[in-house]
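Me: I would like to learn how to read a model of this kind, one feature at a time. Could you take me through it slowly?

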Amino acid sequence: MIAAALLVAAAAPALAEAPRFDLPIACTLGVDCFVQNHVDADPGPRAADFGCLQRTYDGHKGIDIRIPDDAAMRHGVAVLAAADGTVLRLRDGMDDSSVRNGGKPDIEGRECGNGLVIDHGEGWTTQYCHLKKDSIVVEPGDKVARGAKLGEVGLSGRTAFPHVHLGIRKDDAIIDPMTGAATASGSRCGVERHPLWSPAVDSAIARQDVSLLNAGFAAGAVSMKAIDEGSAAISAGSTDMPALVFYARVTWLRAGDVMALTLDGPDGREIVADVAERVSRLKAQMMRFAGKRRPAQGWEPGRYTARLRVLRGADTVLETEHGIELR
């Protein structure tokens, strides 16, 4: 989300001296963390990421790497130094609270939440935002090595989901790590890429498309709030449960994509057949569920299987299967 600058110094970009940056979070991209927003590469009023898709929002100054839900945040996911450097300044002590929740206190001027800035030399800095309250383990002046723990992913500042915002600057110019280009220089999307990531990280980010954030079974209707809190899913069920529902939440569906859910019984017969929805516009995230109320005689005991498919034209861009035992 929006990250207010923690005040970095100024001069002109000299990208040839750029360090190579690693992932600023202890996770596996596409498995337990996901890029939610890229740097806005369009200096005008529209928003576009490095690939000319709208996987960002207007004026976004960094890259947002999210974790699946609040339950993962409570468990603890480390924020890591993306490169060697020295801690310049930090802020901690702000509460973790989504902007979707009512009554969030005024955070003007502190939109970054709990965060810090690291100096990498030659005018290069990184900024880390939205860390968990009281999780920062470094102090100003500390020298940190690439991959060192800085704190944990949180919900502080102006954010709607737990993530770390990484902003990269050269002499106060915002740099898109996917291209190496300074966004204030009039660059547009689709420029020749000179990524600042290490090769493995760049490859993982560049190939990420539609991603599965959450999927599971529930005993009734599912809300986004319950998914975020980690209270929606059940790991097993009984034959007298009131309903059997499968839900899935995915990121970055494009207009025309189709999200389809099916649910099969222990004998392989379809209980819910291809509940599908065609997406009318780009969706940063989308949740759907499908299910059935308990039959009069109760559920047949055994393993129930649900499938999610995301179709893009003739191609299947995401497919996953999940099962649950009813006893």
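Me: In which loop is the place of A255?

Reply: A255 sits in the loop between β12 and β13 (258-264), where strands (E, at least two residues) and helices (H or I, at least four residues) are DSSP runs numbered from the N terminus. This is a predicted model, in which local features need pLDDT of at least 70 and side-chain atom pairs count only at pLDDT 80 or more, while totals for chains, interfaces and linings use all residues. Residues are numbered from 1 along each chain as its sequence is written, and side-chain values use heavy atoms, with hydrogens and water left out.

Me: Is A255 buried or exposed, and with which residues is A255 in contact, leaving aside its neighbours within four places in sequence?

Reply: Buried means under 20% relative accessible area, exposed over 50%, and partly exposed in between (1.4 Å probe, protein chains only). With a relative accessible area of 53%, A255 is exposed. Contact means heavy atoms within 4.5 Å, and, once neighbours within four places are set aside, A255 is in contact with V279, S280, R281 and L282. The C-alpha atoms of A255 and S280 are separated by 4.9 Å, although these residues are 25 apart along the chain.

Me: How should I read confidence, and what is the mean pLDDT of the protein?

Reply: pLDDT is the predictor's confidence in each residue, from 0 to 100. Here the protein has a mean of 91, and 93% of its residues reach 70 or more. Over residues 1-15, however, the pLDDT is below 50, and this stretch has 55 contacts in the model beyond near neighbours in sequence. Where pLDDT is low, the predicted coordinates should not be read in detail.

Me: How do I read a sheet, and which strands are the edge strands here?

Reply: Two strands pair if DSSP finds at least two bridges between them. In this structure 3 strands, in the order β11-β12-β15, form an open sheet with antiparallel pairing. Its edge strands are β11 (211-218) and β15 (283-293), each of which pairs on one side only. Between β11 and β12 (residues 243-253) the antiparallel pairing runs over 7 bridges, and S211 has T251 of β12 as its bridge partner.

Me: What about a helix: which residues of α2 are buried?

Reply: In α2 (residues 199-207), the buried residues are V201, D202, A204 and I205. They lie on the same side of α2 because they cover an arc of only 165° around the axis, the arc being that of the directions from the helix axis to the C-beta atoms. These buried residues pack against β1 (34-37) and β2 (63-66), whereas the face turned away from the buried side carries the exposed residues P199, A200 and R207.

Me: How many residues has the largest nonpolar core?

Reply: In soluble globular proteins, nonpolar side chains tend to be buried together. A nonpolar core is a set of buried Ala, Val, Leu, Ile, Met, Phe, Trp, Tyr and Cys residues joined through side-chain atoms within 4.5 Å. The largest one has 43 residues, and I25, I65, L116, Y128 and L150 have the most contacts inside it. Apart from this core lies another, of 24 residues, among them F217, L263, A290 and L318.
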